[in-house]
Amino acid sequence: MSEETGPVFGDKFVDLMRAKAETDLRLSDFHPRTALKTVVHRIELPRFPVIDFHNHLDSMNPKDVLAVMDRCGVEHVVNITMQVGDRALKIMDRYYAAAPDRFSSIGWMDWGGIERRDFTQLTIDRLHRLIEHGACGIKFWKDFGLTLRGGDGELLRIDDERFAPIFEECGKLGLPVMFHTADPTAFFDPIDADNERYEELAAHPDWGFSSSPVSRRTLLAQRNRVIARHTGATFVGAHCAESSEDLGFLAEQMDALPNLLIDISARTPELGRQPYTARAFFLKYADRILFGTDLLPEVEMYRIYYRFLETADEYFEYPSHVSRQGRWNIYGVFLPDEVLRKVYRENALKLLPKLR
Ligand SMILES: [Zn+2]
């Protein structure tokens with residue numbers, strides 16, 4: 001045995017660490033390019049017309065969005081307005097006026113007046129106004145349960161009985177309720193070397209909730225209790241109901257909550273890293289999965305979604321906004337036509353009566 005291979009101590013150890021430091025590459029300087037030569041299918045147009053059930057278009061010009069939609073086979077986009085009150089109604093009217101059969105709107109839950117005794121009735125009145133302006137849903141964002149506080153300063157619970165009449169009314173009105181509850185698993189983990197989205201979170205530490213007093217699973221449980229309680233209402237779990245890292249858990253929730261649908265927006269980076277499991281999930285729950293993107297409407301963005309859903313292409317970049325999630329690539333799930341048709345369009349039509 002040469003003395004080089006034995007344990008090293010003292011000065012020799014210091015020399016060794018110094019040599020290692022010189023070859024260490026900073027993470028931000030590491031940009032590996034794949035050496036794989038794989039088949040590339042360019043999907044210019046989707047195999048069936050597409051309804052994007054999850055997007056945010058408030059700051060955009062409807063004409064520009066329509067131009068993108070026409071170029072890549074998007075029949076209809078649902079704008080989830082992020083405004084409330086008159087500003088929201090104005091945006092909804094703007095899209096309706098531009099092309100009533102190409103755009104729908106989902107309203108944003110207005111927490112203004114939460115301290116008022118009549119907040120529930122106030123909200124129900126607001127829902128009616130949204131519907132008068134053509135709203136096809138109401139969205140509850142992740143602040144509900146995580147950061148929003150009531151008049152007493154306490155964190156609001158999603159399953160607080162106080163809000164039950166709101167969901168009851170949504171059921172009566174046939175107004176789907178979209179929940180974006182919690183966030184990706186990594187956002188609730190410490191921002192450290194073990195975190196799979198370390199680079200993204202290091203750049204945006206305010207996206208992390210590892211010090212939140214409420215856990216991810218608690219938030220999802222609160223949300224699920226509401227969905228279970230209001231069987232007369234239809235719920236949409238945005239972003240795979242925030243369970244895309246664990247499709248077994250997502251399947252359990254789908255089985256337990258028949259009035260829950262999900263959208264796949266912004267979750268191809270998870271789905272596309274587990275293509276066998278994801279494909280089986282798409283096939284099994286084909287009637288309850290909605291196409292959505294949650295990304296700036298751009299032709300290439302839509303085409304990557306189509307490539308993911310339609311082809312068996314391997315190891316390609318996922319659609320994303322400028323802040324990438326991680327250094328992984330995705331695989332296509334080559335959905336059969338009867339599943340594609342439902343995911344792209346037919347399931348959304350069930351929630352969009354004006355298009356039927
Ligand atoms: Zn969104």
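**View 1. Helix α8 spans residues 216-229.** Helix α8 has 14 residues, which at 1.5 Å a residue should span 20 Å. Its end C-alpha atoms are 20 Å apart, so the two values agree. The expected span is 1.5 Å times one less than the number of residues. Helices (H or I, at least four residues) and strands (E, at least two) are DSSP runs, numbered from the N terminus. The model is predicted: local features need pLDDT of at least 70, side-chain atom pairs count only at pLDDT 80 or more, and totals for chains, interfaces and linings use all residues. Residues are numbered from 1 along each chain as its sequence is written, and side-chain values use heavy atoms, leaving out hydrogens and water. The buried residues of α8 are Arg216, Leu219, Leu220, Gln222, Arg223, Asn224, Val226 and Ile227. Buried means under 20% relative accessible area, exposed over 50%, and partly exposed in between (1.4 Å probe, protein chains only).

**View 2. His54, His56 and Asp294 hold the zinc ion.** In sequence, the donor residues follow the spacing H-x1-H-x237-D. Donors here are N, O and S atoms within 2.8 Å of the metal (3.2 Å for Na, K and Ca); water is not among the atoms, so sites may look incomplete. Histidine 54 has a relative accessible area of 0% and is therefore buried. Histidine 56, at 22%, is partly exposed.

**View 3. Valine 78 sits in strand β2.** The strand covers residues 74-80. Valine 78 is buried because its relative accessibility is 0%. Contact means heavy atoms within 4.5 Å. Leaving aside neighbours within four places in sequence, valine 78 is in contact with Asp52, Phe53, His54, Asn55, Ser104, Ile106, Cys136 and Leu352. Valine 78 and alanine 348 are 270 residues apart in sequence, but their C-alpha atoms are 9.7 Å apart in space.

**View 4. Arginine 267 lies in the loop between β7 and α11.** Strand β7 covers 260-263, and helix α11 covers 268-271. Arginine 267 has a relative accessible area of 5%, so it counts as buried. Not counting residues up to four places away in sequence, arginine 267 touches Pro184, His239, Cys240, Glu242 and Ser244. From arginine 267 to histidine 239 the sequence separation is 28 residues, and the C-alpha to C-alpha distance is 5.9 Å.

**View 5. Glutamate 169 is part of helix α6.** The helix covers residues 164-173. Glutamate 169 is buried because its relative accessible area is 14%. Leaving aside neighbours within four places in sequence, glutamate 169 is in contact with Ile124 and His128. Phenylalanine 249 is 80 residues away from glutamate 169 in sequence and 29 Å away in space, C-alpha to C-alpha.

View 6. Tyrosine 315 is not a glycine, yet its phi is positive, at about 55 degrees. Phenylalanine 334 also has a positive phi, near 30 degrees, in a residue other than glycine. Tyrosine 315 is partly exposed, at 30% relative accessibility. Phenylalanine 334 is partly exposed too, at 39%.

**View 7. Serine 28 lies in the loop between α1 and β1.** Helix α1 covers 10-23, and strand β1 covers 50-55. Serine 28 has a relative accessible area of 46%, so it counts as partly exposed. Serine 28 and alanine 238 are 210 residues apart in sequence; C-alpha to C-alpha, they are 31 Å apart.

**Setting for the views. The protein chain has 14 helices and eight strands.** The C-alpha atoms fill a box of roughly 80 × 50 × 40 Å along the principal axes. Of the 356 residues, 51% count as buried. Among contacts between residues at least 6 apart in sequence, 75% join residues at least 24 apart.
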